[in-house]
Amino acid sequence: MGLFTQLVTLPLAPVRGVGWVVQRVTEAAEQEYYDARPVVQALAELEQELTSGRIDQETFDRREDELLDRLEEIQRFWEGREP
C-alpha cells in the first residue's frame, strides 16, 4: 500500500480492526463448537452409565443417537472447511 492509499483509507482503520477482531472471535467460537472431544467424552460417559445400570437401554439409545448425530455434524463441518 502506498502512502496516499494509507492516508485516504485511514478513517476506515477502526472498521478494519473491528472486522479482524470479529473474524478471530468467530474462528475461536467455531473451534470450540465443532470440537469433537467433548462429544466423544460424553459417549464414553454414557456407556459407563449404561454398564453401571444408572440408565436403561432405551435412554442410552436415544442419547447415543443424539451424540452420534452431533459427531456427524462436526465431521461435515470440518470436511467442508478443507480446501
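**View 1. The largest nonpolar core of this predicted model has 9 residues.** They are Tyr34, Val39, Leu43, Leu46, Ile55, Phe60, Leu67, Ile74 and Phe77. Helix α3 (37-52) and helix α4 each supply at least two residues of this core, and α4 gives the most, with 4 residues. A nonpolar core here is a set of buried Ala, Val, Leu, Ile, Met, Phe, Trp, Tyr and Cys residues joined through side-chain atoms within 4.5 Å. As for "buried", that means under 20% relative accessible area, with exposed being over 50% and partly exposed in between (1.4 Å probe, protein chains only). In soluble globular proteins, nonpolar side chains tend to be buried together.

A word on how to read these views: this is a predicted model, where local features need pLDDT of at least 70 and side-chain atom pairs count only at pLDDT 80 or more, while totals for chains, interfaces and linings use all residues. Residues are numbered from 1 along each chain as its sequence is written, and side-chain values use heavy atoms, with hydrogens and water left out.

**View 2. Here we zoom in on Leu46 and the residues it touches.** Leaving aside residues up to four places away in sequence, Leu46 is in contact (heavy atoms within 4.5 Å) with Ile55, Phe60, Arg63, Glu64 and Leu67. Leu46, Ile55, Phe60 and Leu67 are also among the members of the core from the opening view.

**View 3. Ala42 sits in helix α3.** With a relative accessible area of 25%, Ala42 is partly exposed. Have a look at Leu67 too: 25 residues separate Ala42 and Leu67 along the chain, and their C-alpha atoms are 7.7 Å apart.

**View 4. Arg70 is part of helix α4 (residues 57-81).** Arg70 counts as buried because its relative accessibility is 16%. Not counting residues up to four places away in sequence, Arg70 touches Tyr33, Tyr34 and Val39. Two of these names, Tyr34 and Val39, also turn up in the core list.

**View 5. Arg16 belongs to helix α2 (residues 13-33).** At 45% relative accessibility, Arg16 comes out as partly exposed. Phe77 is 61 residues from Arg16 along the chain, and the two C-alpha atoms are separated by 27 Å.

**View 6. Gly53 lies in the loop between α3 and α4.** Gly53 counts as exposed because its relative accessibility is 56%.

**View 7. Stepping back, the protein has 4 helices and 0 strands.** Read from the N terminus, the elements run α-α-α-α; helices (H or I, at least four residues) and strands (E, at least two) are DSSP runs, numbered from the N terminus. The C-alpha atoms fill a box of roughly 70 × 25 × 15 Å along the principal axes. The radius of gyration is 22 Å, whereas a compact globule of 83 residues would have one near 12 Å (taken over C-alpha atoms, the globule rule being 2.2 Å times the number of residues to the power 0.38). Of the 83 residues, 13% count as buried. Among contacts with a separation of 6 or more, 58% are between residues 24 or more positions apart.
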